[in-house]
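User: Could you take a close look at one part of this model for me? I'd like to know what sits there and what surrounds it.

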Amino acid sequence: SIGVDYAGDDHPETIYIGINLAEVLVARGRPDEALELARRLGGNAQRTEEPRLVPYALYVQAEALLAQNKPAEAKAALEECSRRTAMLDPTDVMVARARLEQLSGKLAAAGAGEARLAAAPVAATKSTTAPSETTQP
């Protein structure tokens, strides 16, 4: 487990730095650690008066879940992030919405890939049926 202790676990700067670290962990292919860290810090963020931290933690959680190939859970985190983003001031909303749109595109691509994988066994079964196995009248 990666720990972050800058100015105390509940200090907004500690939380922000930790969420940044979680984002780096996702980029480095370590989504399990990133998810654990983002969830813990997201919980800490709820005890602060900094409104941008919880949506940011949820966004990183969605990225980590997507990297773990869990698009349904990523979508839920993304929806909660979007709901909480609406409560921010207009400048923060613009930045957050751009990030949400980018992640939504990744999520849509993952969902399309999942649909192709689900259809693949059916297609493989159909293509392996030899013509001689069909019944002729």
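Analyst: Let's start in the loop between helix 2 and helix 3, where you'll find Arg 47. Is Arg 47 buried or exposed? Arg 47 has a relative accessible area of 54%, and the cut-off for exposed is over 50%, so Arg 47 counts as exposed. Along the chain, Arg 47 and Asp 10 are 37 residues apart, yet their C-alpha atoms are separated by 7.0 Å.

Bear in mind that this is a predicted model. The protein chain has a mean pLDDT of 78, with 74% of its residues at 70 or more. Among the elements, helix 2 (residues 31-45) has the highest mean pLDDT, 95, while helix 5 (residues 90-127) has the lowest, 65.

Now for helix 2, on one side of the Arg 47 loop. Its 15 residues should span 21 Å at 1.5 Å a residue, and the end C-alpha atoms are 20 Å apart, so the two figures agree. Which residues of helix 2 are buried? They are Pro 31, Ala 34, Leu 35, Leu 37, Ala 38, Leu 41, Gly 42, Asn 44 and Ala 45. As a rule, an α-helix has 3.6 residues a turn, so residues three or four places apart point the same way. The buried residues of helix 2 pack against helix 1 (12-27) and helix 3 (53-67).

Those two partners also pack against each other, with axes 10 Å apart and an angle of about 15°. Helix 1 and helix 3 are therefore roughly parallel, and their crossing is left-handed. On the helix 1 side, the residues that meet helix 3 include Ile 15, Ile 19, Ala 22, Glu 23 and Val 26. Helix 3 brings residues including Leu 53, Tyr 56, Val 60, Glu 63 and Ala 67 to the contact with helix 1.

Helix 1 gets the same length check: its 16 residues should span 22 Å at 1.5 Å a residue, and its end C-alpha atoms are 23 Å apart, which agrees. Its buried residues are Thr 14, Ile 15, Gly 18, Ile 19, Ala 22, Glu 23, Leu 25 and Val 26. After helix 1 comes Gly 29, with a positive phi near 80°.

Note on methods. Residues numbered from 1 in each chain as written. Predicted model: local features only at pLDDT ≥ 70, side-chain atom pairs only at ≥ 80, totals over all residues. Heavy atoms only, no water. pLDDT = per-residue confidence, 0-100. Helix = DSSP H or I, 4+ residues; strand = E, 2+ residues; numbered from the N terminus. Expected span 1.5 Å × (residues − 1). Buried < 20%, exposed > 50% of the residue type's maximum accessible area, 1.4 Å probe, protein only. Contact = heavy atoms within 4.5 Å. Axes fitted to C-alpha atoms, helices over the stretch in contact; angles between N-to-C directions. Parallel < 35°, antiparallel > 145°, perpendicular 65-115°, else oblique. Left-handed = near helix turned anticlockwise from the far one by under 90°.
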